[in-house]
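Here are a few exercises to work through with the model open beside you. Try each task before you read its solution.

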Amino acid sequence: MLRAGGFGRVSQLFSVTHLGCRNARRGMADADLLRGYTVEANAILVNDRRKPNLIDIAWIVKSNALQRLGRSPEGQKVYEEHKAHVASVWRSIDDFILHKIFHCYYTIDLKTNKRIVDLREVREMPDKIVFTLNDFPYDRESDIEQHVIWSTRQLSQDKIQVCLDEYRPSDIWDYVWFENPPSLKSVKTIHHAHVFSKKKN
């Protein structure tokens, strides 16, 4: 099920809506962010290969075309190198994230010599949400910041909004958020949402 939050110019989110995708969730703080943005304008983004601005990203998210978001060639190379390093040291990228973001303890698997996090520890953790910069951001215009909301429990729309109200208040920031569908998630078992934001003029 797809749940929509809103675009980023006013604090009020529009209500949960089905927008044609069962497995992705997304939102912005104001539908007006896309007012006047047309299919023709979106086609320019494809044709000229420019870096997307926040309105482009909002359109991509609203159109459920998340596969259109990607890293620069240089950024993708760094990301692939990082994944290879993590795979050589950790049982999975999820174990690495649990340690890095939530500070879970790890042990060494004597058979594989890789670091593993005891998932029982994760299940016993209280509900915890962390708002952090994305270390491997998607390509976008330089004035757009990209963060990730990580959670030890399912991220409801209300939880996401509380986090955004704290870290990206809508009187200061325009923003777009979304959760990737399972097919696009590189971190499969840890709940997380992507946030693109830009300071208001």
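**Exercise 1. Find out what covers the buried residues of α4.**

Step 1. Contact here means heavy atoms within 4.5 Å. Helices (H or I, at least four residues) and strands (E, at least two) are DSSP runs, numbered from the N terminus.

Step 2. A word on the source: this is a predicted model, where local features need pLDDT of at least 70, side-chain atom pairs count only at pLDDT 80 or more, and totals for chains, interfaces and linings use all residues. Residues are numbered from 1 along each chain as its sequence is written, and side-chain values use heavy atoms, with hydrogens and water left out.

Step 3. Now list the covered residues: Asp94, Asp95, Phe96, Ile97, Leu98, Ile101 and Phe102 are the buried ones in α4. That makes seven of its ten residues, so α4 is mostly covered. Buried means under 20% relative accessible area, exposed over 50%, and partly exposed in between (1.4 Å probe, protein chains only).

**Exercise 2. Work out which residues touch the most other members of the largest nonpolar core.**

Step 1. The largest one has 17 residues, and Ile97, Leu98, Phe102, Cys104, Trp150 and Ile190 touch the most other members. At least two residues each come from α3 (73-89), α4 (93-102) and β5 (145-151). The top contributor is α4, with five residues.

Step 2. Zoom in on Phe102. Setting aside neighbours within four places in sequence, Phe102 contacts Ile97, Met125, Lys128, Val130, Trp150, Ser151, Thr152 and Ile190.

Step 3. As background, nonpolar side chains tend to be buried together in soluble globular proteins.

**Exercise 3. Trace how β7 pairs with β5 and β6.**

Step 1. Two strands pair if DSSP finds at least two bridges between them.

Step 2. β5 and β7 (residues 191-199) run antiparallel, with seven bridges. Look for Trp150, whose bridge partner in β7 is His192.

Step 3. β6 (residues 173-179) also pairs with β7 in the antiparallel sense, over six bridges. Here Phe178 has His194 as its bridge partner in β7.

Step 4. Between β6 and β7 there's a loop, and Lys185 sits in it. Is Lys185 buried or exposed? Lys185 counts as buried because its relative accessibility is 16%. Not counting residues up to four places away in sequence, Lys185 touches Glu179, Asn180 and His192.

**Exercise 4. Sort the buried and exposed residues of α6.**

Step 1. In α6 (residues 157-167), pick out the buried set: Gln157, Ile160, Gln161, Cys163 and Leu164.

Step 2. Why do these residues lie on the same side of α6? Because they cover an arc of only 160° around the axis, taken from the directions from the helix axis to the C-beta atoms.

Step 3. Turn to the face pointing away from the buried side, and you'll find the exposed residues Asp158, Val162 and Glu166.

**Exercise 5. Say which residues lie nearest the centre of the largest pocket.**

Step 1. The search uses a 1 Å grid over the protein atoms alone: a pocket is an open set of points where a 1.4 Å probe fits, with protein on both sides within 12 Å along at least five of seven lines, and lining residues have an atom within 4 Å of a point.

Step 2. Tyr79, Asn134, Phe136, Trp150 and Val187 lie nearest the centre, out of 24 lining residues. The pocket holds about 440 Å³ of space.

Step 3. α4 supplies the largest share of the lining, five residues.

**Exercise 6. Check the phi values of His103 and Asn113.**

Step 1. His103 is not a glycine, yet its phi is positive, near 60°. His103 lies in the loop between α4 and β2 (106-109), and counts as exposed at 55% relative accessibility.

Step 2. Asn113 also has a positive phi near 60°. Its loop runs between β2 and β3, and Asn113 counts as exposed at 60% relative accessibility.

How values were computed: A nonpolar core is a set of buried Ala, Val, Leu, Ile, Met, Phe, Trp, Tyr and Cys residues joined through side-chain atoms within 4.5 Å. Grid points are joined across faces, edges and corners, and a volume is the space filled by probe spheres set on the points.
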